[in-house]
Amino acid sequence: MATQTALIGPVGQQISDGETLVIGGRGFLGGALVRLLCASGSRTSIMARQLASEGDACRLFQGDIGDKESVRTVIRQGKPSRVFHAASLTPAKAQRSIQALFSTNVTGTLHVLEALTNESPTALTVVCSSGAVYGESHGGPLSESSPLQPVSAYGASKVAQEMGAVSYGVEHALSIIRVRPFNVVGPGEPDGLVSSAFCRQVAAAELELGPPVLAVGRLDSVRDFTDVRDVARACLLLSERGTPGEAYNICSGRPVAIAQVLDLVLHHARVPMSVEARQAIPPRSADVSHHTGTHEKLHRATGWTPGISLEESLVDLLNWWRERLAGGNV
């Protein structure tokens with residue numbers, strides 16, 4: 001494995017050449033971060049609730065951010081110089097439980113920050129928040145200076161997560177960078193998210209595991225999609241060049257209607273598909289019609305721009321589902 005070079009931040013502070021810990025390293029974004037870090041030769045360790053051996057060239061720690069002592073044990077053993085906190089509970093997995101969202105996203109994050117304070121206080125930490133902290137963008141792009149007006153319990157939990165990170169950064173002199181990815185897409189995307197739901201249904205129909213019918217919800221909503229590999233690259237660049245205490249949007253800056261996502265998925269389907277609108281689904285107050293951002297601040301700090309097109313992301317996601325379902329992973 002190649003030797004990791006020391007990292008220099010924008011204010012000239014050198015980050016020690018030590019271990020990088022990815023909390024939630026088996027998740028969607030966390031997994032992409034692990035693959036990127038391993039490819040770069042960085043000494044990397046993973047903390048996850050369930051560990052599956054896949055030939056990782058990194059140390060594996062089993063732990064749950066909901067368990068304060070297990071988090072502290074991992075931090076104590078790993079002594080990381082850099083941490084990516086990518087563990088999170090999404091609305092699809094929370095099953096409408098506000099308490100579960102806050103327990104994982106807020107209390108779990110506080111466990112991580114408390115452990116860092118006591119066991120590895122000089123580590124630089126990237127906390128993965130969400131563009132959901134902003135709520136509705138009202139047709140214009142959201143910047144880091146836009147007000148935080150979440151309309152969902154998930155978004156509210158992410159605001160509380162960030163406020164905890166800000167507090168620890170100030171009171172305990174921790175170096176913390178907050179990132180706000182908007183809609184993340186690509187291989188490994190959870191089924192509960194719209195792009196993955198479309199691709200899963202198409203892949204199932206191709207393999208005759210489901211009907212050639214694609215059930216859809218609201219198609220006029222506008223979102224800002226970025227490939228998970230581009231998001232991971234932005235997180236890595238910010239850990240090298242970002243400013244502690246700051247928050248950064250990670251987004252494409254391109255508004256895309258859900259109908260356009262559907263058209264792209266159908267274009268790459270290998271069997272004819274019909275589209276069926278779900279019936280009797282009342283609009284929720286947590287739904288936003290337009291949610292797009294700007295990544296100008298991220299670009300100024302790191303030079304980052306998105307490199308993977310939405311179509312490429314969807315093709316890769318579709319192929320991921322084809323392989324997964326063909327292998328019996330339903």
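Tyr134 counts as buried, with a relative accessibility of 1%, where buried means under 20% relative accessible area, exposed means over 50% and partly exposed covers what lies in between, for a 1.4 Å probe and protein chains only. The model in which this residue sits is predicted, so that local features need pLDDT of at least 70 and side-chain atom pairs count only at pLDDT 80 or more, while totals for chains, interfaces and linings use all residues. Residues are numbered from 1 along each chain as its sequence is written, and side-chain values use heavy atoms, with hydrogens and water left out.

Because Tyr134 lies in the loop between strand 7 (124–128) and helix 5 (153–171), and Phe182 in the loop between strand 8 (175–181) and strand 9 (183–185), the pair ties together parts that are 48 residues apart in sequence. Helices (H or I, at least four residues) and strands (E, at least two) are here DSSP runs, numbered from the N terminus. Phe182 also counts as buried, at 7% relative accessibility.

Trp320 and Trp321 form an edge-to-face pair, with 5.0 Å between the centres and 75 degrees between the planes. Of these two residues, Trp320 is partly exposed at 25% relative accessibility, whereas Trp321 is buried at 4%.

The packing of helices can be followed from helix 2 (residues 68–78) to helix 4 (residues 98–119), which pack at an angle of about 40 degrees with their axes 9 Å apart; the axes are lines fitted to C-alpha atoms, for helices over the stretch in contact, and angles run from 0 to 180 degrees between N-to-C directions. Helix 2 is therefore oblique to helix 4, since angles under 35 degrees count as roughly parallel, over 145 as roughly antiparallel, 65 to 115 as roughly perpendicular and the rest as oblique. On the side of helix 2, the contact (heavy atoms within 4.5 Å) is made by Lys68, Val71, Arg72, Ile75 and Arg76, and the residues of helix 4 that take part include His111, Val112 and Glu114.

His111, placed in helix 4, is buried at 14% relative accessibility. With neighbours within four places in sequence left aside, His111 is in contact with Ile65, Gly66, Asp67, Lys68 and Val71.

Pro91 belongs to helix 3 (residues 91–94) and is partly exposed, with a relative accessible area of 46%. Leaving aside neighbours within four places in sequence, Pro91 is in contact with Arg96, Leu101 and Tyr154; Pro91 and Leu101 are ten residues apart in sequence and 7.6 Å apart in space, C-alpha to C-alpha.

Ala173, in the loop between helix 5 and strand 8, has a positive phi of about 55 degrees although it is not a glycine, and it is exposed, with a relative accessible area of 58%. Glu208, in the loop between helix 6 (194–206) and strand 10 (213–216), has a phi near 60 degrees, a positive value in a residue other than glycine, and Glu208 is exposed at 73% relative accessible area.

Conventions:
Rings of Phe, Tyr and Trp (its six-membered ring) pair if their centres lie within 6.5 Å; planes under 30 degrees apart count as stacked, over 60 as edge-to-face and the rest as tilted.
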